[in-house]
Amino acid sequence: MGLLGSSGGARQEARKGHVPLDVDGYPVAPPDLELEQVHIYVRHGERTPVGVRMAGPPANIPENWMFCHTARQFRAAVASIGGPEEMSDTSVPGMPAVEELRARRVVERPDGKAALGECLLGELTDVGRESTFNFGSGLRKLYVDKLNFLPDVVHSNDEIYLRSTNMPRTIESLQQVVHGLYPISKSAKDFVPHLRIRNGKDENLFGNTFACKRLEILQIGFAQAAAASWNTTLEPLDKKLSKYIGGNPVRLDGKPRASGILDTIRAADAHGVKVPPEFHEKGVMDVIEKAVVTEWFAGKHGVRRPLRISCRGRTILTVARPGWISDRTEEVRRLGMGPLLSDLSRKMQEKAAKGDADPTKILIHSTHDTCLAGLSSTLDIFDERWPAFTAAVTFELFKKRDTAAPAAPTWQNVLSMLGGAQNTTDHYVRVRYQNENKALPFCAEEGKHLPGSPEFCTLAAFAERVRELTPKNWETECAYVPGNKQRDREEAQAAADKVISKP
């Protein structure tokens, strides 16, 4: 069934499940701390479902989504055999001349028909482009206008680091974020942003099961354990929902999978697409969400007990922490998010050591829900909810101001310019997710955070935990030794049973 209408009709309801960046509610750091660097990991904007589900009666959720009118026209740079007079402004001296080819993308259906504005499966929609642009505008309001941290005009790619996974929806989301943060009027004439993308084997913005077969085995084991634990809890939903999924039961490993149901309903809600009323009844989608979150992310978190943080004998904050972490859970963390956290920690330590000699102030990564949930689970700050579109995990690096310190001698100033005289012990890391500060449990001990402010973890404590999570030899730890694959999965499932949360 095709969807009539356009993105304009859904715009009023497009914010369901979306959490915009709260600039006004941003908690300014204590006056003795100075912001040095910001690392942002943002999920792409609203998209269409990644598969066709519940398209027939009685659900009648559209098979064809008409929300992709924006950016269908584009200009591609192509090599030209013309002379220098035909070179465009983007041509590079010494390289073949470049001219622009105008084109419009259209989606062709199996019957050969094409409709302007129709989206591909999993494509960033007009709603998603708007929300990611607004996210970038929010970053500008916060870090340029409010905090005066970033320059008003960007001149160089040394000032801003931009990276995306090799997926059209994340690349296009990053383009929108950059345009919101630094629109053309706030970009130097010769500034062309570099969008960094890694090859698949080198990707670390999500758990890379393509490059790490050992991680794949472990995740399958945890998924099987989640199904064994949660499928009976999902059974009561069959009476309400089976008629919408071809009479099949609602199961984590069903057809469609529970994760597919969650994906379709979330995408529909984000675009104002009507879904059967049962999906919005209390005790339906929240149960499915809990089950799917367990299936996907239980491998990165363990059984938790509350931790009370005290200052001078008084409890000032209670946070969750791991009661114990199994060897398998720690292994999933190392192989899944360890490489990404290692990159992050290294860059923050370099900034702390070099100071102003490192000009990069903001690093923006356009990624996926699995990255955000994986990061927060690995750091024991996960809220156990599926990440919303354009949700973000932010790591802010601060240094302690030393206003009373005497002027440094000339030799120390020289070392500072060369990047060798900063004291990394006076640096702090604050993690934020969904507009909230997140105190890191492993920084709760006295001496591992700013006194009286447990959300400011010392860089030393942060780096220490990341070292524990960093594979010593990635290829060796990821290698899969051919043997009994089913036995290996069963062993992973048995280990997962010990940490899977019971319904």
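This is a predicted model: local features need pLDDT of at least 70, side-chain atom pairs count only at pLDDT 80 or more; totals for chains, interfaces and linings use all residues.
**Around Thr360**

Where does Thr360 sit? Look in the loop between helix H9 (338-354) and strand E10 (362-367). Buried or exposed? Buried means under 20% relative accessible area, and Thr360 has 15%, so it counts as buried. Leaving aside neighbours within four places in sequence, Thr360 is in contact with Gln37, Asp158, Glu159, Tyr161 and Lys351.

**How confident is the model?**

Before going further, a quick look at the scores. The protein chain averages a pLDDT of 85, and 76% of the residues score at least 70. Over residues 303-325, though, pLDDT stays under 50, and the model has 60 contacts for that stretch beyond four places in sequence. Residues 405-422 also have a pLDDT below 50; there, the model shows 19 contacts beyond near neighbours in sequence.

**The disulfides**

How many disulfides does a search of the whole structure find? It turns up three. Number the bonded cysteines of the protein chain in sequence order and the pairing reads 1-2, 3-6, 4-5. Here they are side by side:

| Pair | S to S distance | Torsion about S-S | Handedness |
|---|---|---|---|
| Cys68 and Cys119 | 2.0 Å | about 110° | right-handed |
| Cys212 and Cys478 | 2.2 Å | -95° | left-handed |
| Cys443 and Cys457 | 1.9 Å | -55° | left-handed |

Take the pair of Cys68 and Cys119, with sulfur atoms 2.0 Å apart. This pair links distant parts of the chain, 51 residues apart: Cys68 is in the loop between strand E1 (33-43) and strand E2 (73-79), and Cys119 is in the loop between strand E5 (114-115) and helix H2 (126-146). Cys68 and Cys119 are both buried. The torsion about their S-S bond is about 110°, so the disulfide is right-handed.

Next comes the disulfide that joins Cys212 to Cys478. Its ends are 266 residues apart, and it too links distant parts of the chain: Cys212 lies in the loop between strand E7 (195-197) and helix H4 (213-234), while Cys478 belongs to helix H13 (residues 474-478). Cys212 is buried, as is Cys478.

Then there is the disulfide of Cys443 and Cys457. Cys443 is in the loop between strand E13 (436-438) and strand E14 (449-450) and Cys457 is in strand E15 (residues 453-458), so the pair ties together parts that are 14 residues apart in sequence. Cys443 has 1% relative accessibility and so counts as buried. Cys457 is buried as well, with a relative accessible area of 1%.

One more cysteine deserves a mention: Cys371 is buried, with a relative accessible area of 0%.

Strand E12 (residues 427-433) is mostly covered, with seven of its seven residues buried. In a regular strand the side chains alternate between the two faces of the sheet. In E12, His427, Val429, Val431 and Tyr433 point one way, Tyr428, Arg430 and Arg432 point the other way, and all are buried. Both arginines are therefore among the buried residues, by the cut-off of under 20% relative accessible area.

Which strands pair with E12? Start with strand E11 (residues 392-400), which pairs with E12 in the antiparallel sense over seven bridges. Here Phe398 has Tyr428 of E12 as its bridge partner.

E15 and E12 also run antiparallel, joined by three bridges. Arg430 stands opposite Phe456 in E15. E15 is also where Cys457 is found.

E13 pairs with E12 over three bridges, again in the antiparallel sense. The bridge partner of Val431 in E13 is Lys438. What do E12 and E13 form? A hairpin, with two residues between the strands; in the turn, Gln434 has a positive phi of about 55°.

Definitions and conventions: Residues are numbered from 1 along each chain as its sequence is written. Side-chain values use heavy atoms; hydrogens and water are left out. pLDDT is the predictor's confidence in each residue, from 0 to 100. Contact means heavy atoms within 4.5 Å. A disulfide is a pair of cysteine sulfur atoms within 2.5 Å. Helices (H or I, at least four residues) and strands (E, at least two) are DSSP runs, numbered from the N terminus. Buried means under 20% relative accessible area, exposed over 50%, partly exposed in between (1.4 Å probe, protein chains only). Two strands pair if DSSP finds at least two bridges between them.
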